[in-house]
Amino acid sequence: KVFSFTINILKKDAAPATDLPMSRLRWINRAHASLGKFLSFAFPSYLASTTDSIEATLPVLQSFVFTVIGGLQRGDEAVAAQIFSQDILFTKIEGQNSNNALFLQDIMMREICTNPKAQAQLNHSFKLNGGPGLTANGIGYFGLESLRSETDFRLAPSKASDSNIQDTSDSLILPLGEDWLWKLLSSTIDEASAGSDAKTTAAEIVNASLQFLLYVENIGMSFARRVHPGSKMYYLLNTCFYPESTIRNEIFESLFLQAFSSYQNQALQRGIPSAKSFIAACYQHSDHFKKFKADGADYDKVMELFFNEEASHPNSMGLSTKDLKAVDDFVDDLCVAFTDFGAQYECFVHAIRFLLTPIMPVRVRSRVLDRIRDLLHLLTTQEEIDDQSGGKIAESLVSFYLGGISFVDESQRDSSSFLDILASTLMKSACSQRREGFFYYYAVGCLARSLASSCIRCECGVKAMRRRLKDMKEEIWMDISSTAICCMKRRCKNAEELSIAVIEVCKNGSIAEEVSDFGFDMVLEKLLEVHSDST
């Protein structure tokens with residue numbers, strides 16, 4: 001009865017409190033952890049004596065405990081060890097992917113005591129909670145060297161030198177944060193020095209992590225809904241840094257694409273907040289964040305730098321562009337991986353394309369275009385290449401446009417600085433020779449949308465488009481102007497209609513003959529004429 005009553009309360013899915021004083025938050029975390037341990041221990045007995053199905057109760061229990069784990073603080077290592085020892089928490093419902101999720105349990109248990117400092121902290125945490133600990137000395141509150149949540153590492157049984165004692169906090173696992181389960185994807189392995197067994201284990205771990213994360217998403221756990229999709233996507237893209245032996249695994253590619261599709265859809269639905277959570281996860285995961293915390297900089301100001309188009313110029317916030325280096329490094333590393341592997345692995349194609357979505361900061365999108373300028377023609381998937389109708393690529397393009405013609409659907413206009421970079425890149429890239437593929441259609445659509453949107457009561461926009469397209473090759477100019485006229489004729493009111501127009505013009509040659517000899521001014525007149533006729 002107690003179990004059933006508690007599960008029914010947990011089904012109400014109340015969000016955990018995060019703005020409480022630390023002392024009260026610790027008390028609540030301990031109380032929730034004790035409840036989680038009781039429910040985990042009593043779960044098998046409960047199932048044996050009730051008509052409730054495991055599908056109705058296990059996800060509720062797991063979601064609650066996973067949320068509790070994310071809130072544990074330094075000093076709660078003993079509580080974490082007790083929770084992670086419960087096998088039921090890493091058990092998937094029958095019928096879900098069958099890979100051994102207990103890999104994850106083993107990983108977390110190892111992380112709690114991965115080095116002498118972590119072992120000393122775990123020992124201290126057990127004794128602070130009245131337990132026997134890992135060593136015989138210091139039993140009882142009066143026998144402890146410290147009653148603080150963190151042990152005195154100068155007295156810890158470690159061979160650590162004075163030079164790395166100051167790095168103690170970085171070697172401890174807690175606090176994990178609410179996105180702790182996704183952080184399992186961000187591990188690294190040195191392919192050059194790792195043996196075949198280590199590589200095999202790495203592949204098994206990342207596949208097990210992806211399978212369990214998909215289970216968490218597909219089963220509809222409230223725990224997963226509380227973690228922002230931008231943060232999930234950041235950690236998913238970290239799997240692209242695993243050795244090729246892991247990436248070429250067929251199971252990995254299938255799992256990656258499933259997770260990517262889910263996270264991208266979630267991220268695009270939420271818009272800019274998803275990009276900010278992506279940037280935040282990247283920044284907090286980096287060494288730059290440790291310096292940022294030490295400097296006492298305002299986190300909101302750093303976020304402003306990422307989403308401020310003038311961030312590259314001196315600012316009055318007291319922060320330099322070095323604060324952007326964490327994300328720059330991540331983008332560069334991903335571009336290097338794409339350069340090394342090209343399009344032979346589809347996960348890299350999707351990873352790079354996500355960084356080009358309109359929700360991402362201009363700085364990120366511009367950096368991607370600059371780093372892989374000569375490989376942009378590889379951003380088309382094999383499925384899109386095989387589809388002669390162009391329907392697949394049109395479907396993909398929808399996520400990369402902000403809308404249709406701006407004055408028709410009142411959608412946001414593309415950044416002027418990004419359009420400058422996009423036009424310049426289009427002229428210099430290999431795509432300008434091929435005039436096909438994802439990036440070419442993407443660039444033509446963005447520029448055509450801007451041209452059509454600017455021709456009505458936007459003189460500055462017209463001047464900017466004239467400058468951008470002045471030296472464009474004749475064939476590309478014809479595609480852009482034809483697409484703009486096609487959009488104006490149809491009064492494209494969303495991204496889907498724009499993507500269809502792009503494919504019809506660029507792939508099928510629709511209305512290209514109408515503008516074969518048109519210069520910029522003639523195209524502008526044609527756009528105004530079409531607009532006047534349609535209204």
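**Figure 1. F439 and Y442, two aromatic residues in helix 24 of the predicted model.** F439 and Y442 are three residues apart in helix 24 (residues 438–454), so about one helical turn separates them. Their rings form a tilted aromatic pair, with 6.1 Å from centre to centre and 55 degrees between the planes. F439 has a relative accessible area of 1% and is therefore buried, since the cut-off for buried is under 20%. Y442 is buried too, with a relative accessible area of 1%.

**Figure 2. F260 and F354, one of the 28 aromatic pairs in the structure.** The ring centres of F260 and F354 lie 6.4 Å apart. The planes of these two rings meet at 85 degrees, so the pair counts as edge-to-face, a class that requires over 60 degrees. F260 is buried at 4% relative accessibility, and F354 is buried at 1%.

**Figure 3. An aromatic cluster that includes F260 and F354.** Both residues of the edge-to-face pair belong to one aromatic cluster.

**Figure 4. Arginine charges over the rings of F438 and F418.** R353 places its charged end over the ring of F438, at 4.0 Å from the ring centre. The charged end of R365 sits over the ring of F418, and here the distance to the ring centre is 4.4 Å.

Key:
Residues numbered from 1 in each chain as written. Predicted model: local features only at pLDDT ≥ 70, side-chain atom pairs only at ≥ 80, totals over all residues. Heavy atoms only, no water. Phe/Tyr/Trp six-rings, centres within 6.5 Å; stacked < 30°, edge-to-face > 60°. Buried < 20%, exposed > 50% of the residue type's maximum accessible area, 1.4 Å probe, protein only. Helix = DSSP H or I, 4+ residues; strand = E, 2+ residues; numbered from the N terminus. Lys NZ or Arg CZ within 6 Å of the ring centre and 35° of its normal.
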